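Please find below some remarks on the structure under review.

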Amino acid sequence: MKRILLLLAFSATFIGSAQNITLKKGVVIDSLVVNDTVPETFSLYLPKKFDVSKTWPVVFVFDMNGRGKQSLAMFSAAAEEQGYVLAASNNISDTLSITKNILITSRMLNTVTTMLPIQKNGIYTSGFAAGGRFSTLIPVFIKGVKGVVACGASVANIEVLTNRNPFHFIGIVGDEDFSYPDMLAAEKILNKLKYPNQLLIFDGGEEWPKTSDLSEALRILTLAAMAKGNVSKDEAYIDANYKSDLVKVNRLYSANKPLLADSWLEEMSEIYQPFMPLDSIKASRKTLRKSRLFKNKNRTQNALSLKESLIKDEYNYYLEEDILTYNYNNLGWWKYQMEELQKFRKNPEVLQQKMGKRLEGYLKALVSDNVDILSAEDPIDGEALNFLWMLKTVIEPDNFESYLKIISYTAKTDDYGTALFYLEELLKKGYKNRSELYALENTALLRITPEFNELVEKYLKGARYSIIEE
């Protein structure tokens, strides 16, 4: 069968005038024009079985750097498996206001739903990290969006949610991702608001979910649509998914992951309640929660959750104090905290290992957020930023940018001793870009000094300026 779809005579809202357009199925198509009045484009994915004789659900995937093609590539295998159309804007950006991003989204959504046979109640949004958070705002501002699949991101603003206009929220997160505790907390709030929601948890950190997890989310949306009567009920599809989920529970328990097994049984209760009695699910969950393995893991997890919360509060408090006071003396304390996190990560208890990874991710994100905030201020507090760059060398010792920023700032303030110290630390880490080093802002006087060139000669075997022996 040909994998080419010919769509004829689109209206002016798509390309300005009616014309023939050929769209390939089973591949991501990039740079489709939204309309002639704005310089905006989007990427599109049509499953191989797509045809215009029936309607299709669609997921709008958001990347806050406008990388539509790349974001669809991560989602396409799951969309192919579950029969979903995908679309993504190439113009969404975290440098734009929410209002502008919403307007861009609205124009793209209107174009896609006009040009393709999209199910009226089958419009969903998704994204990873910042894109995931933004995707949770779309149903609030644009009518007709029925659900969200947020990967590694919680609801952007709980306060704007209302039970008068609920959407189906599916969160996907790794249990080593620092967003994991926030998503657990959001799940409880959504339950109180009576929002239909599920939280899919996988082994891993801050990363795009695997195809199986994304496919799982789309399966849930399809089952929810069947439960509401938005699409025809398929008994074979329901039964096959139910059996697959039971296998998943057994596999998790056999792998000594009773907490994940229990979590999935809880989600199964919500997913399959419209279709069948839940006696077997309730019995399985009751048996699991009575097991010694579950009780031990649950007790440990509860204790670690409290500990993790207290440590995060401590990070927030001391970082705020250190920034306000330019407390360089406290860099040693932060180094000690990183050593403590390494102890967690090397602990034989898996739950402690995961907590250590979450806390490290949280600290890195906390520092990066403060860098972004200070960098956007006018005037910029250079000393505070310099402290944060130094802290970054402690928590991310292989991030060369941090060292370069410090060298540039301390050279500007004539603190050549500090600049040379961080230059040597940078070179010890394996930095090799001599051209960038000699073009570094604010270092014109520093880089003609003998000390600077001696370090370059020692580590890079070739200083730009000669070293004159007296």
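1. Which residues is Gly66 in contact with, leaving aside its neighbours within four places in sequence? They are Ser89, Asn90, Asn91 and Ile92. The model is a predicted one. Gly66 itself lies in the loop that links strand S5 (56–62) to helix H2 (68–82).

2. Gly66 counts as buried because its relative accessibility is 13%, and the cut-off for that class is under 20%. Pro209 is 143 residues from Gly66 along the chain, and the C-alpha atoms of the two are separated by 19 Å.

3. An open sheet is built from eight strands with mixed pairing, in the order S3-S4-S6-S5-S7-S8-S9-S10. The edges are held by strand S3 (28–35) and strand S10 (197–202); each has a single partner strand, so one side of each has no neighbour in the sheet. On average, neighbouring strands of this sheet are turned by 25° against each other, direction ignored.

4. Strand S9 (residues 168–174) and S10 run parallel and are joined by six bridges. Within this pairing, Phe169 has Asn197 in S10 as its bridge partner. Helix H2 packs on the sheet, where it touches S3, strand S4 (38–45), S5, strand S6 (85–89) and strand S7 (118–128). The direction of H2 makes about 170° with that of S6.

5. Glu360 belongs to helix H13 (residues 350–375). With a relative accessibility of 10%, Glu360 counts as buried. Its side chain makes a polar contact of 2.8 Å with the side chain of Arg345. Not counting residues up to four places away in sequence, Glu360 touches Met338, Leu341, Gln342 and Arg345.

Technical notes: Residues numbered from 1 in each chain as written. Predicted model: local features only at pLDDT ≥ 70, side-chain atom pairs only at ≥ 80, totals over all residues. Heavy atoms only, no water. Helix = DSSP H or I, 4+ residues; strand = E, 2+ residues; numbered from the N terminus. Buried < 20%, exposed > 50% of the residue type's maximum accessible area, 1.4 Å probe, protein only. Polar contact = N/O pair within 3.5 Å; in protein donor to acceptor, adjacent residues only side chain to side chain. Contact = heavy atoms within 4.5 Å. Pairing = 2+ DSSP bridges. Axes fitted to C-alpha atoms, helices over the stretch in contact; angles between N-to-C directions.
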